[in-house]
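These are my notebook entries on one chain, set down in the order in which I looked things up. The sequence and the model come first.

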Amino acid sequence: MNRLSEAGAETPPRPDLLTRLDLGCAALTRRIAVVAVAGMLVISVLTIVDVMLRWLANAPIPGFYELSQLIIAIVITASFPAALATRNNLTIDFLAEILPARARQWLALAGAVLIQLFLVLFAWRLAFYAGEVAGRGAA
C-alpha cells in the first residue's frame, strides 16, 4: 500500500517500535561516547602538562596517577555502550565464507553470549573496585 503525501510523493513507511528504540539507543550512546573522547583528551593534556612540570620544575601534578585511573575507568565505561549499540565490536569472519548459514548463526549467538558474560564480569569487578575504594575512604 502506497501512502501519498500532500505533494503527491510517496512517504516511507514508519519504522516499528523496536527499530526506533534501537536507533534512539544508538544516538544516545553516541552522545555518551563524547564523554569518552573528552576524557581521552583530558588525559592527554594532563599527561603532557605533568611531564612538562616534572621536566621544567621537578613538580608533578599531585594525585595525577589516581586521577588518571578514574578518568580511564570513565573513558572505558563510556565507550562500551556506543560500540555495542552500533554493533561495532570486533568480529573475525575468516570462517564466514565456508560455514553454512546455521553455523554462522550459532557463532553469532556464542559471540553475543560471550560479550554478555564479559559485561557481567566487568560490572562485578567494577563494583568490587568501588567497594575497595569506598573502604579505604578514598571516595
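**Entry 1: Asp50.** I began with Asp50, which counts as buried at 5% relative accessibility. I take buried as under 20% relative accessible area, exposed as over 50%, and partly exposed as in between, with a 1.4 Å probe and protein chains only. Asp50 is found in helix H1. I use DSSP runs for the elements, numbered from the N terminus: helices are H or I of at least four residues, and strands are E of at least two. Not counting residues up to four places away in sequence, Asp50 touches Pro60, Ile61 and Phe64. Contact here means heavy atoms within 4.5 Å.

**Entry 2: basis of the values.** I note that this is a predicted model, in which local features need pLDDT of at least 70 and side-chain atom pairs count only at pLDDT 80 or more, while totals for chains, interfaces and linings use all residues. Residues are numbered from 1 along each chain as its sequence is written, and side-chain values use heavy atoms, with hydrogens and water left out.

**Entry 3: confidence.** I looked up pLDDT, the predictor's confidence in each residue, from 0 to 100. The protein averages 84, and 92% of the residues score at least 70.

**Entry 4: helix H1.** I recorded 41 residues for H1 and a reach of 59 Å from its first C-alpha to its last, close to the 60 Å expected at 1.5 Å a residue. The expected span is 1.5 Å times one less than the number of residues. I listed the buried residues of H1 as Ala26, Thr29, Ala33, Ala36, Gly39, Ile43 and Asp50. These buried residues pack against H2.

**Entry 5: Thr29.** I placed Thr29 in H1, which covers residues 17–57. Thr29 is buried, with a relative accessible area of 9%. A polar atom of the Thr29 side chain lies 2.9 Å from the backbone oxygen of Ala26. Beyond four places in sequence, Thr29 touches Pro81, Ala82 and Ala85.

**Entry 6: helix H2.** I recorded 22 residues for H2 and a reach of 32 Å from first C-alpha to last, close to the 32 Å expected at 1.5 Å a residue. Which residues of H2 are buried? I found Phe64, Ser68, Ile71, Val75, Ala78, Ala82 and Ala85. Seen down the axis of H2, the buried residues fall within an arc of 125°, so they line one face of the helix. The arc is that of the directions from the helix axis to the C-beta atoms. On the other side of H2, I noted Tyr65, Glu66 and Leu70 as exposed. What covers the buried residues of H2 includes H1.

**Entry 7: the nonpolar core.** I define a nonpolar core as a set of buried Ala, Val, Leu, Ile, Met, Phe, Trp, Tyr and Cys residues joined through side-chain atoms within 4.5 Å. The largest one has five residues: Ala36, Ile43, Ile71, Val75 and Ala78. H1 and H2 each supply at least two residues of this core, and H2 gives the most, with three. I then checked Ile43, which is in contact with Ser68, Ile71 and Ile72 once its neighbours within four places in sequence are left aside.

**Entry 8: Leu84.** I placed Leu84 in H2, residues 64–85. Is Leu84 buried, partly exposed or exposed? Leu84 is partly exposed, with a relative accessible area of 30%. Neighbours within four places aside, Leu84 is in contact with Ile115 and Leu119. The C-alpha atoms of Leu84 and Ala33 are separated by 11 Å, and the two residues are 51 apart along the chain.

Entry 9: Asn58 lies in the loop between H1 and H2 and counts as exposed at 68% relative accessibility.

Just after H2, Arg87 takes a positive phi of about 55°. I placed Arg87 in the loop between H2 and helix H3 (101–136). Arg87 is exposed, with a relative accessible area of 56%.

Terms used. Polar contact = N/O pair within 3.5 Å; in protein donor to acceptor, adjacent residues only side chain to side chain.
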